[in-house]
Amino acid sequence: MKYIDEMKINSLLKLKVTEKEVDEIIVKAKQLKRLSLEESAKLLMVKDDIVLQKIYESASYVKRTIYGNRVVIFVPLYISNLCSNSCVYCGFASNNKVTVRKKLTFQEIKQQTEILLGRGHKRILMVAGEMGSSEENINYYIGAVKAIYSAEYKCNKIKRVNINVAPMSVEHFKKLRDIGIGTYQIFQETYHEQTYRKLHVAGAKTDPDNRLNGVDNAFKAGIDDVGIGPLLGLYDPNFEILAMLMHIEHLEKTYGVGPHTISIPRIEPAPGSDYASKPDYLVKDEEFKKIVSVLRLSVPYTGIIVSTRETAKFRDILINLGVSQISAESKVTPGGYEENSVHNDKLERQFSINDQRSLNEVVKALIVKGFIPSFCAACYRKNRTGKRFMDLAKPGQIKRICDINALVTFKEFLKDFADADVKELGCKLIEKHKITLDNKSVNILEKFFKDIDNGIRDKYV
Ligand code: SAM
Ligand code: SF4
(Lines give C-alpha, C1' and ligand atoms only; values in the text may rest on other atoms or scores of the structure.)
(Ligands and ions follow the chains in the order given, each with its own letter.)
Protein backbone atom coordinates (compact mmCIF):
# COMPACT_ATOMS: atom_id res chain seq x y z
CA MET A 1 0.00 0.00 0.00
CA LYS A 2 1.34 3.43 -0.98
CA TYR A 3 3.00 5.53 1.77
CA ILE A 4 2.56 2.68 4.27
CA ASP A 5 5.82 0.97 5.25
CA GLU A 6 4.57 -2.19 6.97
CA MET A 7 8.08 -3.34 7.93
CA LYS A 8 8.76 -0.07 9.74
CA ILE A 9 5.42 -0.24 11.56
CA ASN A 10 6.07 -3.83 12.62
CA SER A 11 9.44 -2.83 14.04
CA LEU A 12 7.85 0.11 15.91
CA LEU A 13 5.33 -2.32 17.38
CA LYS A 14 8.21 -4.18 19.07
CA LEU A 15 9.52 -1.08 20.87
CA LYS A 16 9.95 -1.23 24.63
CA VAL A 17 9.24 1.87 26.68
CA THR A 18 10.22 3.01 30.18
CA GLU A 19 8.15 5.27 32.45
CA LYS A 20 10.89 7.91 32.19
CA GLU A 21 10.56 7.95 28.38
CA VAL A 22 6.77 8.27 28.67
CA ASP A 23 7.24 11.22 31.05
CA GLU A 24 9.54 12.93 28.54
CA ILE A 25 7.10 12.40 25.67
CA ILE A 26 4.29 13.78 27.83
CA VAL A 27 6.30 16.94 28.60
CA LYS A 28 6.67 17.52 24.85
CA ALA A 29 3.00 16.76 24.15
CA LYS A 30 1.84 19.19 26.85
CA GLN A 31 3.71 21.92 24.97
CA LEU A 32 1.25 21.09 22.15
CA LYS A 33 4.04 19.81 19.93
CA ARG A 34 3.33 17.19 17.27
CA LEU A 35 4.80 13.80 18.28
CA SER A 36 6.99 11.64 16.05
CA LEU A 37 5.90 8.20 14.87
CA GLU A 38 8.31 6.59 17.32
CA GLU A 39 7.04 8.65 20.26
CA SER A 40 3.43 7.81 19.40
CA ALA A 41 4.36 4.11 19.09
CA LYS A 42 5.97 4.19 22.54
CA LEU A 43 2.80 5.64 24.08
CA LEU A 44 0.72 2.95 22.36
CA MET A 45 2.95 0.25 23.90
CA VAL A 46 2.15 1.33 27.49
CA LYS A 47 0.26 -1.29 29.49
CA ASP A 48 0.88 -0.23 33.10
CA ASP A 49 -2.28 1.31 34.65
CA ILE A 50 -0.46 4.06 36.53
CA VAL A 51 1.46 5.16 33.41
CA LEU A 52 -1.73 4.92 31.35
CA GLN A 53 -3.39 7.28 33.83
CA LYS A 54 -0.66 9.85 33.11
CA ILE A 55 -1.40 9.55 29.38
CA TYR A 56 -5.14 10.07 29.97
CA GLU A 57 -4.54 13.13 32.16
CA SER A 58 -2.18 14.72 29.63
CA ALA A 59 -4.63 14.07 26.80
CA SER A 60 -7.35 15.82 28.85
CA TYR A 61 -4.98 18.74 29.44
CA VAL A 62 -4.20 19.09 25.69
CA LYS A 63 -7.89 18.80 24.83
CA ARG A 64 -8.87 21.56 27.29
CA THR A 65 -5.97 23.81 26.26
CA ILE A 66 -6.76 23.69 22.54
CA TYR A 67 -10.52 23.14 22.41
CA GLY A 68 -11.62 24.62 25.75
CA ASN A 69 -14.95 23.05 26.67
CA ARG A 70 -16.47 23.18 23.17
CA VAL A 71 -17.85 20.08 21.46
CA VAL A 72 -19.01 20.29 17.83
CA ILE A 73 -22.25 18.44 16.98
CA PHE A 74 -23.24 17.07 13.58
CA VAL A 75 -25.72 14.57 12.18
CA PRO A 76 -25.22 12.03 9.37
CA LEU A 77 -27.68 11.99 6.47
CA TYR A 78 -27.71 8.70 4.56
CA ILE A 79 -28.92 9.37 1.03
CA SER A 80 -28.49 5.92 -0.55
CA ASN A 81 -27.66 2.37 0.54
CA LEU A 82 -27.17 1.07 -3.01
CA CYS A 83 -23.60 -0.16 -3.40
CA SER A 84 -21.54 -2.02 -5.97
CA ASN A 85 -18.73 -2.84 -3.52
CA SER A 86 -18.64 -5.80 -1.17
CA CYS A 87 -17.02 -4.90 2.12
CA VAL A 88 -17.61 -7.98 4.27
CA TYR A 89 -18.39 -5.92 7.39
CA CYS A 90 -21.03 -3.60 5.89
CA GLY A 91 -24.81 -3.94 5.74
CA PHE A 92 -24.83 -2.21 2.33
CA ALA A 93 -22.44 -4.67 0.60
CA SER A 94 -23.64 -5.60 -2.92
CA ASN A 95 -23.68 -9.30 -2.11
CA ASN A 96 -25.73 -8.69 1.04
CA LYS A 97 -29.13 -10.05 0.03
CA VAL A 98 -31.01 -9.18 3.24
CA THR A 99 -30.65 -5.40 2.88
CA VAL A 100 -33.63 -3.48 1.50
CA ARG A 101 -32.23 -0.92 -0.98
CA LYS A 102 -33.22 2.72 -1.11
CA LYS A 103 -31.84 5.75 -2.98
CA LEU A 104 -33.46 9.03 -1.92
CA THR A 105 -34.66 11.52 -4.54
CA PHE A 106 -33.47 15.12 -4.24
CA GLN A 107 -36.92 16.05 -2.96
CA GLU A 108 -36.67 13.37 -0.24
CA ILE A 109 -33.16 14.58 0.68
CA LYS A 110 -34.54 18.11 1.09
CA GLN A 111 -37.40 16.79 3.25
CA GLN A 112 -35.00 14.83 5.48
CA THR A 113 -32.87 17.96 5.87
CA GLU A 114 -35.92 20.02 6.85
CA ILE A 115 -36.70 17.49 9.58
CA LEU A 116 -33.13 17.78 10.91
CA LEU A 117 -33.23 21.60 10.74
CA GLY A 118 -36.49 21.46 12.72
CA ARG A 119 -34.65 19.66 15.53
CA GLY A 120 -31.81 22.20 15.59
CA HIS A 121 -29.11 20.61 13.45
CA LYS A 122 -26.81 22.87 11.42
CA ARG A 123 -24.02 20.53 10.30
CA ILE A 124 -24.68 17.48 8.13
CA LEU A 125 -22.43 14.60 7.12
CA MET A 126 -23.86 13.25 3.86
CA VAL A 127 -23.22 9.51 3.47
CA ALA A 128 -23.78 7.14 0.52
CA GLY A 129 -22.86 3.76 -0.90
CA GLU A 130 -21.10 3.64 -4.28
CA MET A 131 -23.28 2.76 -7.27
CA GLY A 132 -23.29 3.32 -11.01
CA SER A 133 -20.66 5.09 -13.15
CA SER A 134 -18.46 7.77 -11.62
CA GLU A 135 -20.37 10.33 -13.74
CA GLU A 136 -23.73 9.18 -12.33
CA ASN A 137 -22.32 9.23 -8.78
CA ILE A 138 -20.92 12.76 -8.99
CA ASN A 139 -24.13 14.12 -10.49
CA TYR A 140 -26.14 12.49 -7.72
CA TYR A 141 -23.80 13.86 -5.00
CA ILE A 142 -23.95 17.37 -6.49
CA GLY A 143 -27.77 17.29 -6.65
CA ALA A 144 -27.90 15.95 -3.09
CA VAL A 145 -25.59 18.62 -1.63
CA LYS A 146 -27.61 21.33 -3.41
CA ALA A 147 -30.84 19.83 -2.04
CA ILE A 148 -29.42 19.92 1.51
CA TYR A 149 -28.27 23.54 1.21
CA SER A 150 -31.64 24.56 -0.32
CA ALA A 151 -33.64 23.25 2.66
CA GLU A 152 -34.99 25.79 5.12
CA TYR A 153 -36.86 25.66 8.44
CA LYS A 154 -38.06 28.95 10.02
CA CYS A 155 -35.10 30.88 8.53
CA ASN A 156 -32.62 28.19 9.62
CA LYS A 157 -30.39 26.61 6.99
CA ILE A 158 -27.64 23.98 7.03
CA LYS A 159 -24.29 25.73 7.46
CA ARG A 160 -21.90 22.98 6.41
CA VAL A 161 -22.29 19.75 4.45
CA ASN A 162 -19.41 17.31 4.95
CA ILE A 163 -19.47 14.19 2.83
CA ASN A 164 -18.43 10.57 3.27
CA VAL A 165 -18.62 8.94 -0.16
CA ALA A 166 -16.40 6.86 -2.44
CA PRO A 167 -13.12 8.39 -3.72
CA MET A 168 -13.16 10.17 -7.08
CA SER A 169 -11.04 12.01 -9.64
CA VAL A 170 -9.56 15.49 -9.09
CA GLU A 171 -11.97 16.84 -11.70
CA HIS A 172 -14.99 15.47 -9.81
CA PHE A 173 -13.68 16.71 -6.46
CA LYS A 174 -13.38 20.19 -7.99
CA LYS A 175 -17.09 20.07 -8.80
CA LEU A 176 -17.88 19.27 -5.17
CA ARG A 177 -15.52 22.00 -3.96
CA ASP A 178 -17.30 24.49 -6.22
CA ILE A 179 -20.71 23.77 -4.70
CA GLY A 180 -19.29 24.32 -1.21
CA ILE A 181 -18.76 21.02 0.55
CA GLY A 182 -16.99 21.20 3.90
CA THR A 183 -14.86 18.19 4.83
CA TYR A 184 -14.39 15.25 2.48
CA GLN A 185 -14.22 12.18 4.68
CA ILE A 186 -12.95 8.74 3.66
CA PHE A 187 -11.86 5.85 5.87
CA GLN A 188 -9.06 3.59 4.70
CA GLU A 189 -10.81 0.85 6.75
CA THR A 190 -7.54 -1.08 7.23
CA TYR A 191 -4.01 0.02 6.38
CA HIS A 192 -2.87 -3.61 6.39
CA GLU A 193 -2.74 -4.60 2.74
CA GLN A 194 -3.35 -8.34 3.05
CA THR A 195 -6.33 -7.77 5.35
CA TYR A 196 -7.66 -5.05 3.07
CA ARG A 197 -7.62 -7.36 0.05
CA LYS A 198 -9.29 -10.15 2.04
CA LEU A 199 -12.19 -7.97 3.26
CA HIS A 200 -12.98 -5.99 0.09
CA VAL A 201 -14.03 -8.57 -2.41
CA ALA A 202 -15.87 -6.76 -5.23
CA GLY A 203 -16.13 -3.39 -6.95
CA ALA A 204 -13.81 -0.38 -7.20
CA LYS A 205 -13.01 -0.57 -3.49
CA THR A 206 -10.94 -3.75 -3.96
CA ASP A 207 -7.90 -1.55 -4.75
CA PRO A 208 -6.48 -0.05 -1.51
CA ASP A 209 -4.34 2.49 -3.37
CA ASN A 210 -7.41 3.84 -5.13
CA ARG A 211 -8.70 4.74 -1.68
CA LEU A 212 -5.45 6.37 -0.57
CA ASN A 213 -5.38 8.29 -3.87
CA GLY A 214 -8.84 9.59 -3.03
CA VAL A 215 -7.34 11.65 -0.19
CA ASP A 216 -4.60 13.03 -2.47
CA ASN A 217 -7.14 13.83 -5.18
CA ALA A 218 -9.27 15.79 -2.72
CA PHE A 219 -6.24 17.87 -1.64
CA LYS A 220 -5.19 18.37 -5.29
CA ALA A 221 -8.69 19.65 -6.06
CA GLY A 222 -8.38 22.26 -3.33
CA ILE A 223 -10.59 20.53 -0.74
CA ASP A 224 -8.22 21.14 2.12
CA ASP A 225 -10.41 19.86 4.95
CA VAL A 226 -10.12 16.10 4.64
CA GLY A 227 -11.10 13.47 7.23
CA ILE A 228 -9.48 10.04 7.45
CA GLY A 229 -9.52 7.00 9.74
CA PRO A 230 -9.35 3.24 10.12
CA LEU A 231 -12.36 1.04 10.86
CA LEU A 232 -11.25 -0.52 14.13
CA GLY A 233 -11.80 -4.26 14.41
CA LEU A 234 -10.34 -5.42 11.11
CA TYR A 235 -6.67 -5.65 12.10
CA ASP A 236 -4.27 -4.95 15.02
CA PRO A 237 -5.41 -1.49 16.27
CA ASN A 238 -1.88 -0.34 17.15
CA PHE A 239 -0.77 -1.14 13.59
CA GLU A 240 -3.74 0.81 12.22
CA ILE A 241 -3.03 3.91 14.33
CA LEU A 242 0.66 3.97 13.41
CA ALA A 243 -0.14 3.43 9.73
CA MET A 244 -2.67 6.27 9.84
CA LEU A 245 -0.01 8.50 11.46
CA MET A 246 2.33 7.49 8.62
CA HIS A 247 -0.40 8.46 6.14
CA ILE A 248 -0.69 11.80 7.96
CA GLU A 249 3.09 12.35 7.64
CA HIS A 250 2.73 11.88 3.86
CA LEU A 251 -0.08 14.47 3.74
CA GLU A 252 1.85 16.96 5.87
CA LYS A 253 4.95 16.55 3.70
CA THR A 254 3.05 16.82 0.41
CA TYR A 255 0.33 19.40 1.14
CA GLY A 256 1.74 21.25 4.16
CA VAL A 257 -1.17 20.12 6.34
CA GLY A 258 -2.59 16.87 7.69
CA PRO A 259 -6.24 15.83 7.90
CA HIS A 260 -8.77 18.24 9.42
CA THR A 261 -10.35 15.36 11.32
CA ILE A 262 -9.68 11.77 12.30
CA SER A 263 -12.52 9.30 12.86
CA ILE A 264 -12.05 6.10 14.78
CA PRO A 265 -15.19 4.04 14.17
CA ARG A 266 -15.34 0.65 15.88
CA ILE A 267 -17.01 -2.10 13.92
CA GLU A 268 -20.64 -2.80 14.90
CA PRO A 269 -22.96 -5.69 14.03
CA ALA A 270 -24.54 -5.18 10.60
CA PRO A 271 -27.53 -6.92 8.98
CA GLY A 272 -26.44 -9.80 6.75
CA SER A 273 -22.77 -9.67 7.83
CA ASP A 274 -21.52 -12.51 10.04
CA TYR A 275 -18.08 -10.90 10.05
CA ALA A 276 -19.34 -7.64 11.62
CA SER A 277 -20.67 -9.56 14.65
CA LYS A 278 -17.39 -11.40 15.09
CA PRO A 279 -14.58 -9.19 13.76
CA ASP A 280 -11.01 -10.47 13.91
CA TYR A 281 -9.65 -7.75 16.23
CA LEU A 282 -12.36 -6.53 18.60
CA VAL A 283 -11.06 -3.35 20.29
CA LYS A 284 -11.90 -3.23 24.02
CA ASP A 285 -12.96 0.01 25.76
CA GLU A 286 -9.64 0.39 27.64
CA GLU A 287 -7.69 0.00 24.40
CA PHE A 288 -9.97 2.51 22.70
CA LYS A 289 -9.42 5.07 25.47
CA LYS A 290 -5.67 4.72 24.99
CA ILE A 291 -6.04 5.22 21.22
CA VAL A 292 -8.08 8.42 21.63
CA SER A 293 -5.58 9.77 24.18
CA VAL A 294 -2.49 8.95 22.13
CA LEU A 295 -4.03 10.57 19.04
CA ARG A 296 -4.89 13.71 21.02
CA LEU A 297 -1.25 13.93 22.15
CA SER A 298 0.24 12.96 18.78
CA VAL A 299 -1.75 15.31 16.49
CA PRO A 300 -3.03 17.93 18.94
CA TYR A 301 -4.69 20.23 16.40
CA THR A 302 -6.57 17.57 14.45
CA GLY A 303 -10.26 17.12 15.29
CA ILE A 304 -11.22 13.69 16.62
CA ILE A 305 -14.71 12.39 15.81
CA VAL A 306 -16.66 9.73 17.67
CA SER A 307 -20.04 8.64 16.38
CA THR A 308 -23.17 7.09 17.87
CA ARG A 309 -21.56 3.68 17.34
CA GLU A 310 -20.33 4.31 20.93
CA THR A 311 -22.63 4.36 23.97
CA ALA A 312 -23.66 7.64 25.62
CA LYS A 313 -21.72 6.78 28.77
CA PHE A 314 -18.53 5.92 26.93
CA ARG A 315 -18.74 8.99 24.69
CA ASP A 316 -18.73 11.19 27.81
CA ILE A 317 -15.43 9.63 28.87
CA LEU A 318 -13.95 10.00 25.36
CA ILE A 319 -14.85 13.70 25.17
CA ASN A 320 -12.71 14.32 28.24
CA LEU A 321 -9.82 12.42 26.68
CA GLY A 322 -9.71 14.26 23.39
CA VAL A 323 -12.78 13.87 21.20
CA SER A 324 -13.80 17.23 19.71
CA GLN A 325 -16.76 16.32 17.47
CA ILE A 326 -19.72 13.99 18.03
CA SER A 327 -22.78 13.03 16.03
CA ALA A 328 -26.24 13.06 17.59
CA GLU A 329 -29.53 11.19 16.98
CA SER A 330 -28.06 9.43 13.95
CA LYS A 331 -30.02 7.11 11.71
CA VAL A 332 -27.94 4.99 9.38
CA THR A 333 -30.70 4.31 6.87
CA PRO A 334 -31.71 6.48 3.91
CA GLY A 335 -34.98 8.18 4.88
CA GLY A 336 -34.56 7.35 8.58
CA TYR A 337 -35.48 10.76 10.04
CA GLU A 338 -39.24 10.73 9.46
CA GLU A 339 -41.24 10.20 12.65
CA ASN A 340 -41.76 6.42 13.04
CA SER A 341 -39.91 5.88 9.76
CA VAL A 342 -40.42 2.52 8.12
CA HIS A 343 -36.82 2.89 6.90
CA ASN A 344 -35.37 2.37 10.37
CA ASP A 345 -36.10 -1.28 9.96
CA LYS A 346 -33.13 -3.44 10.86
CA LEU A 347 -32.77 -4.50 7.24
CA GLU A 348 -32.13 -1.07 5.78
CA ARG A 349 -29.50 0.16 8.18
CA GLN A 350 -25.75 -0.05 7.76
CA PHE A 351 -24.86 -1.10 11.29
CA SER A 352 -26.15 -0.88 14.90
CA ILE A 353 -26.31 2.38 16.82
CA ASN A 354 -25.51 2.45 20.57
CA ASP A 355 -26.45 6.03 21.45
CA GLN A 356 -30.10 6.64 20.55
CA ARG A 357 -30.54 9.93 22.42
CA SER A 358 -32.28 12.91 20.79
CA LEU A 359 -30.32 16.09 20.08
CA ASN A 360 -31.95 17.76 23.12
CA GLU A 361 -30.82 14.88 25.34
CA VAL A 362 -27.26 14.97 23.97
CA VAL A 363 -27.08 18.75 24.46
CA LYS A 364 -28.43 18.45 28.01
CA ALA A 365 -25.86 15.80 28.92
CA LEU A 366 -23.04 18.00 27.56
CA ILE A 367 -24.28 21.04 29.50
CA VAL A 368 -24.49 19.08 32.74
CA LYS A 369 -20.81 18.15 32.33
CA GLY A 370 -19.87 21.78 31.59
CA PHE A 371 -19.35 21.38 27.83
CA ILE A 372 -20.54 23.97 25.30
CA PRO A 373 -22.28 22.30 22.35
CA SER A 374 -21.24 24.10 19.16
CA PHE A 375 -23.01 24.16 15.79
CA CYS A 376 -20.45 26.53 14.32
CA ALA A 377 -19.21 26.42 10.73
CA ALA A 378 -17.64 29.89 10.66
CA CYS A 379 -14.07 28.85 9.77
CA TYR A 380 -15.17 27.10 6.62
CA ARG A 381 -17.44 29.98 5.64
CA LYS A 382 -14.65 32.51 6.29
CA ASN A 383 -12.18 30.41 4.31
CA ARG A 384 -10.19 29.45 7.41
CA THR A 385 -9.61 25.90 6.20
CA GLY A 386 -6.65 23.53 5.73
CA LYS A 387 -3.27 25.18 6.32
CA ARG A 388 -4.84 28.62 6.93
CA PHE A 389 -6.84 27.09 9.81
CA MET A 390 -3.79 25.32 11.28
CA ASP A 391 -1.67 28.50 11.02
CA LEU A 392 -4.25 30.32 13.14
CA ALA A 393 -4.90 27.40 15.49
CA LYS A 394 -1.28 26.70 16.42
CA PRO A 395 -0.46 30.10 17.97
CA GLY A 396 -3.80 29.87 19.81
CA GLN A 397 -5.39 32.68 17.76
CA ILE A 398 -8.45 30.65 16.82
CA LYS A 399 -9.58 29.89 20.38
CA ARG A 400 -11.13 33.34 21.01
CA ILE A 401 -13.01 33.20 17.71
CA CYS A 402 -14.21 29.65 18.38
CA ASP A 403 -15.42 30.58 21.86
CA ILE A 404 -17.57 33.44 20.53
CA ASN A 405 -18.97 31.47 17.61
CA ALA A 406 -19.71 28.37 19.68
CA LEU A 407 -21.61 30.41 22.28
CA VAL A 408 -23.62 32.23 19.61
CA THR A 409 -24.68 28.98 17.91
CA PHE A 410 -25.43 27.44 21.30
CA LYS A 411 -27.58 30.43 22.30
CA GLU A 412 -29.47 30.17 18.98
CA PHE A 413 -30.13 26.48 19.65
CA LEU A 414 -31.39 27.23 23.15
CA LYS A 415 -33.69 29.97 21.90
CA ASP A 416 -35.15 28.07 18.94
CA PHE A 417 -35.03 24.33 19.68
CA ALA A 418 -34.28 23.51 23.32
CA ASP A 419 -36.74 22.00 25.80
CA ALA A 420 -37.45 24.31 28.77
CA ASP A 421 -35.08 22.53 31.21
CA VAL A 422 -32.26 22.44 28.63
CA LYS A 423 -32.78 26.17 27.96
CA GLU A 424 -32.49 27.02 31.63
CA LEU A 425 -29.37 24.92 32.19
CA GLY A 426 -27.79 26.20 28.96
CA CYS A 427 -28.34 29.89 29.76
CA LYS A 428 -26.72 29.39 33.18
CA LEU A 429 -23.72 27.70 31.55
CA ILE A 430 -23.32 30.58 29.08
CA GLU A 431 -23.27 33.11 31.92
CA LYS A 432 -20.69 31.02 33.79
CA HIS A 433 -18.52 30.72 30.68
CA LYS A 434 -18.76 34.43 29.85
CA ILE A 435 -16.82 35.28 33.02
CA THR A 436 -13.78 33.46 31.59
CA LEU A 437 -13.72 35.61 28.42
CA ASP A 438 -11.86 38.90 27.81
CA ASN A 439 -13.81 42.18 27.61
CA LYS A 440 -13.60 42.45 23.83
CA SER A 441 -15.12 38.98 23.38
CA VAL A 442 -17.87 39.71 25.91
CA ASN A 443 -18.79 42.93 24.05
CA ILE A 444 -19.05 41.11 20.70
CA LEU A 445 -21.05 38.35 22.35
CA GLU A 446 -23.49 40.76 24.04
CA LYS A 447 -24.17 42.42 20.69
CA PHE A 448 -24.78 39.05 18.98
CA PHE A 449 -27.03 37.90 21.83
CA LYS A 450 -29.12 41.07 21.46
CA ASP A 451 -29.42 40.29 17.74
CA ILE A 452 -30.64 36.78 18.59
CA ASP A 453 -33.30 38.26 20.89
CA ASN A 454 -34.37 40.48 17.98
CA GLY A 455 -34.79 37.46 15.69
CA ILE A 456 -31.49 37.86 13.80
CA ARG A 457 -29.66 34.57 13.24
CA ASP A 458 -26.36 33.25 11.94
CA LYS A 459 -23.94 35.95 13.11
CA TYR A 460 -20.29 34.88 13.39
CA VAL A 461 -16.75 36.20 13.47
N1 SAM B 1 -19.47 3.89 0.76
C2 SAM B 1 -18.49 4.82 1.11
C3 SAM B 1 -17.22 4.16 1.58
O4 SAM B 1 -17.23 2.98 1.85
O5 SAM B 1 -16.25 4.87 1.64
C6 SAM B 1 -18.91 5.78 2.18
C7 SAM B 1 -19.99 5.44 3.11
S8 SAM B 1 -19.71 4.09 4.20
C9 SAM B 1 -21.40 3.93 4.52
C10 SAM B 1 -18.99 4.89 5.61
C11 SAM B 1 -18.17 4.04 6.53
O12 SAM B 1 -18.98 3.18 7.31
C13 SAM B 1 -17.18 3.10 5.90
O14 SAM B 1 -16.04 3.77 5.44
C15 SAM B 1 -16.90 2.13 7.05
O16 SAM B 1 -15.73 2.49 7.76
C17 SAM B 1 -18.10 2.30 7.98
N18 SAM B 1 -18.74 1.00 8.24
C19 SAM B 1 -19.12 0.08 7.35
N20 SAM B 1 -19.63 -1.02 7.97
C21 SAM B 1 -19.56 -0.78 9.30
C22 SAM B 1 -19.90 -1.52 10.48
N23 SAM B 1 -20.39 -2.75 10.41
N24 SAM B 1 -19.68 -0.96 11.70
C25 SAM B 1 -19.17 0.28 11.79
N26 SAM B 1 -18.83 1.04 10.73
C27 SAM B 1 -19.01 0.52 9.49
FE1 SF4 C 1 -20.44 0.06 0.11
FE2 SF4 C 1 -19.15 1.79 1.71
FE3 SF4 C 1 -20.56 -0.27 2.73
FE4 SF4 C 1 -18.32 -0.76 1.47
S5 SF4 C 1 -18.52 0.44 3.39
S6 SF4 C 1 -20.23 -1.88 1.16
S7 SF4 C 1 -18.35 0.79 -0.12
S8 SF4 C 1 -21.36 1.47 1.60
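1. The model is a predicted one. Its secondary structure consists of 19 helices and nine strands. The radius of gyration is 21 Å, close to the 23 Å that the globule rule gives for 461 residues, so the protein is as compact as a globular protein of that length. Along the principal axes, the C-alpha atoms fill a box of roughly 60 × 55 × 40 Å.

2. Of the 461 residues, 61% are buried. The protein exposes about 18500 Å², of which carbon and sulfur atoms supply 52%. Among contacts between residues at least 6 apart in sequence, 75% join residues at least 24 apart.

3. The structure contains 36 salt bridges. One of them pairs Arg70 with Asp403, with the closest N and O atoms 3.3 Å apart. Arg70 belongs to strand β1 and Asp403 to helix α17, 333 residues apart. Both Arg70 and Asp403 are buried.

4. A salt bridge also joins Asp458 to Arg381, where the closest N and O atoms are 2.6 Å apart. Asp458 lies in the segment after α19 and Arg381 in helix α15, 77 residues apart. Asp458 is partly exposed, at 30% relative accessible area; Arg381 is likewise partly exposed, at 30%.

5. Glu446 and Lys434 form a salt bridge at 2.7 Å, N to O. Glu446 lies in helix α19 and Lys434 in helix α18, so the pair ties together parts that are 12 residues apart in sequence. Glu446 is partly exposed at 34% relative accessibility, whereas Lys434 is buried at 11%.

6. Ligand 2 is surrounded by Cys83, Asn85, Cys87, Cys90, Phe92, Ala93, Gly129 and Lys205. This shell comprises five nonpolar residues, two polar and one charged.

Methods
Residues are numbered from 1 along each chain as its sequence is written. Chains are lettered from A and ligands numbered from 1 in the order in which they are written. This is a predicted model: local features need pLDDT of at least 70, side-chain atom pairs count only at pLDDT 80 or more; totals for chains, interfaces and linings use all residues. Side-chain values use heavy atoms; hydrogens and water are left out. A residue is near a molecule or strand if one of its heavy atoms lies within 4 Å of it. Ala, Val, Leu, Ile, Met, Phe, Trp, Tyr, Cys and Pro count as nonpolar, Asp, Glu, Lys and Arg as charged, and the others, Gly among them, as polar. Helices (H or I, at least four residues) and strands (E, at least two) are DSSP runs, numbered from the N terminus. The radius of gyration is taken over C-alpha atoms; the globule rule is 2.2 Å times the number of residues to the power 0.38. Buried means under 20% relative accessible area, exposed over 50%, partly exposed in between (1.4 Å probe, protein chains only). Contact means heavy atoms within 4.5 Å. Accessible areas come from the Shrake-Rupley method with a 1.4 Å probe; for residues, only the protein chains shown count as cover. A salt bridge is a side-chain nitrogen of Lys or Arg within 4 Å of a carboxyl oxygen of Asp or Glu.
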